[in-house]
Amino acid sequence: MQASDSHATELTDLIARLCGPAGTGEALKAISDSCESARATGLGQDAAAMERLDGATAGLDPILRESALAYVSGDLHRYLHILEMLNTVLDLASLDGINQIFWSMQRQLFLMRMDLGSVPDFVVGHLFPFYERFLRQVAVRLDLVPAGRQAGMPDAGRVVIVTNQFLSAEHQPSRDLLLLAVRLQRDLGRTVLVLNTNMMPDRYYSAFVPPFAAAVEDRLSGEQKIRCGGQRIRMLSSTAPGFTADKLTGFLSAVEAFDPDLVIGFGGSVIVADLLGSAYPVMCVPTTSGRTMSLADIVLGYGDHAPPADGSRLTRSWRPSRFSLSVQSTGDTETRARFSLLEREFVCVVVGNRLDAEADGAFLDLLGRILDAVPQALVLFAGGVERLPGRLAANRHAGRLRSLGHVDRMEALVSVCDLFVNPRRTGGGGGAAQAMAGGLPVLSFEVGDVASVAGPSFVVADDDAFVARAVALAGDPALLAEARQEARTRIEAVEREGADIAQLSAYMAEAVSLFEKRR
């Protein structure tokens with residue numbers, strides 16, 4: 001078969017990149033950029049081009065090859081091949097390398113770069129079982145045997161919260177963790193110990209593309225005392241890279257000395273929390289929508305009020321509540337002139353820390369349709385970016401698509417906007433919540449965190465409805481005013497749900513009861 005002429009350039013470039021050096025982070029990034037270009041042009045749907053790419057890369061490192069072809073095509077069968085290869089060497093392969101690949105796969109799923117329809121049961125039927133096997137390998141190879149409380153001991157009033165990554169008050173999940181700790185201590189009278197484990201890869205251990213490394217806050221090392229909400233919260237952190245026996249046994253020993261009644265895994269795939277599950281009751285509090293991978297006795301929802309329908313372990317542990325959303329509100333406002341905006345303009349804003357990936361060509365085309373239909377409209381992009389400004393400058397609506405970069409006063413920015421416009425993505429829930437608290441209506445598709453936070457009144461089913469809703473709000477001041485008030489009302493309801501301490505306490509007690517039945 002002959003590859004389409006329209007993809008010849010991208011195909012030639014990608015083959016050259018893949019067959020070239022791949023031993024450094026810079027080389028992997030260059031390969032990833034080439035994969036992204038090929039994906040954006042639709043090369044992955046060109047059967048002839050993919051057949052040629054398959055053949056030209058047959059002799060390469062299989063992790064590099066399969067992850068690259070998955071990136072281009074979105075086909076999860078490529079990830080299945082990787083998992084099959086890892087399963088055959090799971091007792092020999094580097095734990096850090098396996099962890100790198102696991103999180104890189106999760107990252108691509110989170111960014112909605114994979115076609116979930118290609119392997120519908122990929123997460124529940126393949127990735128989650130692999131995660132369980134990986135954890136067993138970690139426990140066996142590092143000789144990790146957590147020692148829990150003796151059966152029948154009275155309630156100690158102590159809770160451990162374990163997170164993969166704590167950064168700062170600017171990081172939405174970190175703020176939410178502190179809010180949970182405050183509520184446990186202030187409202188439920190529990191003493192809390194937070195473990196900041198940094199178990200996500202912070203450097204590249206494999207040839208997987210695109211490479212993924214999580215941020216680590218170096219100053220948060222050792223024991224910390226954090227003041228928040230009138231409470232003093234104790235935190236133990238390790239910024240040591242990778243999997244070592246010292247690092248993990250240190251966390252397990254700290255938990256044994258603290259002697260908690262319950263462990264809370266904050267987020268998905270919280271490795272240390274799941275390792276502790278053999279000795280302690282565990283409850284998981286997700287920080288994003290979608291299927292949360294956890295071995296916890298109870299896994300809370302993220303605003304979804306219907307259980308997954310697959311009958312899996314994840315379904316049985318699921319409970320319909322959200323306790324992980326905090327909204328910062330200081331009342332900070334600004335004038336439009338401060339942001340070089342005119343009073344007559346209909347100002348849309350897109351907020352996020354991953355807009356280079358999330359504001360893709362399809363989304364810019366969609367925004368172009370809105371700008372065509374609403375002459376007074378413009379779109380602001382708020383968040384750190386590298387490639388997006390260049391893409392906006394080359395767009396036919398360049399003057400009406402403005403990248404602001406990182407914005408310190410986000411609350412002030414949303415106070416001068418008319419509409420929070422959300423790409424198809426998983427994240428963004430914190431930004432949407434802050435916007436809605438300020439009376440800014442949301443426009444989103446029916447997927448991801450933003451849709452979960454915003455609720456049914458602010459989501460649409462397809463591109464045509466997306467454009468029509470924006471046009472309607474821009475042309476009807478009364479409709480816009482109604483949407484502003486509805487946004488405030490909705491986020492107040494979400495905050496009340498997160499503050500239901502009685503329900504939280506009941507789920508904690510249920511987790512303890514379930515643990516007693518399985519110990």
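# Pocket, cavity and a buried glutamate

Trainee: Which helix supplies the largest share of the lining of the second largest pocket?
Mentor: The largest share comes from helix 7, which contributes four residues to that lining. This is a predicted model, in which local features need pLDDT of at least 70 and side-chain atom pairs pLDDT 80 or more, whereas totals for chains, interfaces and linings use all residues. Residues are numbered from 1 along each chain as its sequence is written, and side-chain values use heavy atoms, with hydrogens and water left out.

Trainee: Which lining residues lie nearest the pocket's centre?
Mentor: Of the 19 residues that line the second largest pocket, Asp274, Gly277, Leu295, Arg313 and Arg518 lie nearest its centre. On a 1 Å grid over protein atoms alone, a pocket is an open set of points with protein on both sides within 12 Å along at least five of seven lines, a cavity one where a 1.4 Å probe fits but cannot get out, and lining residues have an atom within 4 Å of a point.

Trainee: And what about cavities, how many of 30 Å³ or more turn up?
Mentor: A search of the whole structure finds one cavity of that size. The largest cavity is lined by Asp96, Asn99, Asn198, Met199, Met200, Pro201, Asp202, Tyr205 and Gly242.

Trainee: Switching topic: is glutamate 66 buried or exposed?
Mentor: Glutamate 66, which lies in helix 4 (residues 62-73), is buried, and its relative accessible area is 6%. Buried means under 20%, exposed over 50% and partly exposed in between, with a 1.4 Å probe and protein chains only.

Trainee: What is glutamate 66 in contact with, leaving aside neighbours within four places in sequence?
Mentor: Glutamate 66 is then in contact (heavy atoms within 4.5 Å) with Arg78, His81, Ile82 and Met85.

Trainee: Zooming out, how many helices and strands are there?
Mentor: The protein has 20 helices and 14 strands, and its C-alpha atoms fill a box of roughly 70 × 60 × 45 Å, taken along the principal axes.

Trainee: How much of the protein counts as buried?
Mentor: Of its 519 residues, 56% count as buried. As for the contacts between residues at least 6 apart in sequence, 68% of them join residues at least 24 apart.

Technical notes. Helix = DSSP H or I, 4+ residues; strand = E, 2+ residues; numbered from the N terminus. Points joined across faces, edges and corners; volume = space filled by probe spheres on them.
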